[in-house]
Amino acid sequence: RDAVYNFFLSRVRDNLHVVLCMSPVGDAFRRRCRQFPSLVNCCTIDWFEEWPGEALLSVSSRLLEEASLGEQGGALRQPLAELCVDFHGVVAAAAQKLLEELRRHFYVTPTSYLEFISLYISLLQDKKVEVEQAIARIEIGKQKMAESNEEVDVMRGELARMQPLLEESQRRTEEMMAELTV
């Protein structure tokens with residue numbers, strides 16, 4: 001029985017792999033390393049650096065494919081993906097400048113890049129809904145104006161038809177007023 005248990009433990013030690021992901025930002029990582037020194041001494045640490053431009057472009061292109069960009073979406077996807085990469089580069093440069101000038105860290109991570117793209121897509125959808133609602137209001141307003149124009153045309157026709165009657169009744173009224181004043 002002990003041999004089976006020892007065999008099991010040796011197999012677990014050989015084959016068990018644990019992946020632990022932590023952000024190096026802030027004091028939490030430093031505190032964990034102090035509390036658990038084996039994290040540094042007995043583990044393999046992979047530091048992930050900035051994504052290359054091609055990876056950023058690939059990710060933004062794939063995420064923008066899922067978004068509905070309207071009728072000209074195919075022509076806009078590639079320039080938008082390149083613009084996302086440019087924005088990420090500008091923010092990284094601004095973060096580096098902040099570090100040099102004020103000695104304050106501002107981390108530009110792949111997660112912030114993904115959040116930026118998802119925020120852009122959600123804002124795009126919100127604005128698309130707003131524009132569609134505005135277009136619907138304008139269409140309704142156009143219909144109401146057309147209906148009003150038709151009603152005005154009908155009223156003008158009735159007024160033209162009734163014009164001789166109105167002139168006749170005005171003439172009678174003037175005659176009656178003339179008789180009353182005499």
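Start by selecting Asp46, which sits in the loop between α3 (38–41) and α4 (53–66); helices here are DSSP runs of H or I, at least four residues, numbered from the N terminus. Asp46 is exposed, at 55% relative accessible area (exposed is over 50%, buried under 20%, partly exposed in between, using a 1.4 Å probe and protein chains only).

A quick word on the model: it is predicted, with local features needing pLDDT of at least 70 and side-chain atom pairs pLDDT 80 or more, while totals for chains, interfaces and linings use all residues. Numbering runs from 1 along each chain as its sequence is written, and side-chain values use heavy atoms, without hydrogens or water.

Next, pick His88 in helix α5 (residues 73–102). Is His88 buried or exposed? With a relative accessible area of 15%, His88 is buried. Beyond its neighbours within four places in sequence, His88 is in contact with Leu56, Val108, Thr109, Ser112 and Tyr113 (contact: heavy atoms within 4.5 Å).

Now go to helix α6 (residues 110–181) and select Asp153, which is partly exposed at 48%. Show Glu147, Glu150 and Glu151 too: with Asp153 they gather in a patch of negative charge on the surface. Patch members have over 30% relative accessible area and no salt bridge, with like charges joined within 9 Å and nonpolar side chains within 5 Å; a salt bridge puts a side-chain nitrogen of Lys or Arg within 4 Å of a carboxyl oxygen of Asp or Glu.

Last stop: Leu159, also in α6 and partly exposed, at 48%. Together with Met162, Leu165 and Leu166, Leu159 makes a nonpolar surface patch of about 400 Å².

Key: Areas by Shrake-Rupley, 256 points an atom, 1.4 Å probe, with all protein chains shown as cover. Lys, Arg positive; Asp, Glu negative; His and termini not counted. Charge placed at Lys NZ, Arg CZ, Asp CG, Glu CD. Helix = DSSP H or I, 4+ residues; strand = E, 2+ residues; numbered from the N terminus.
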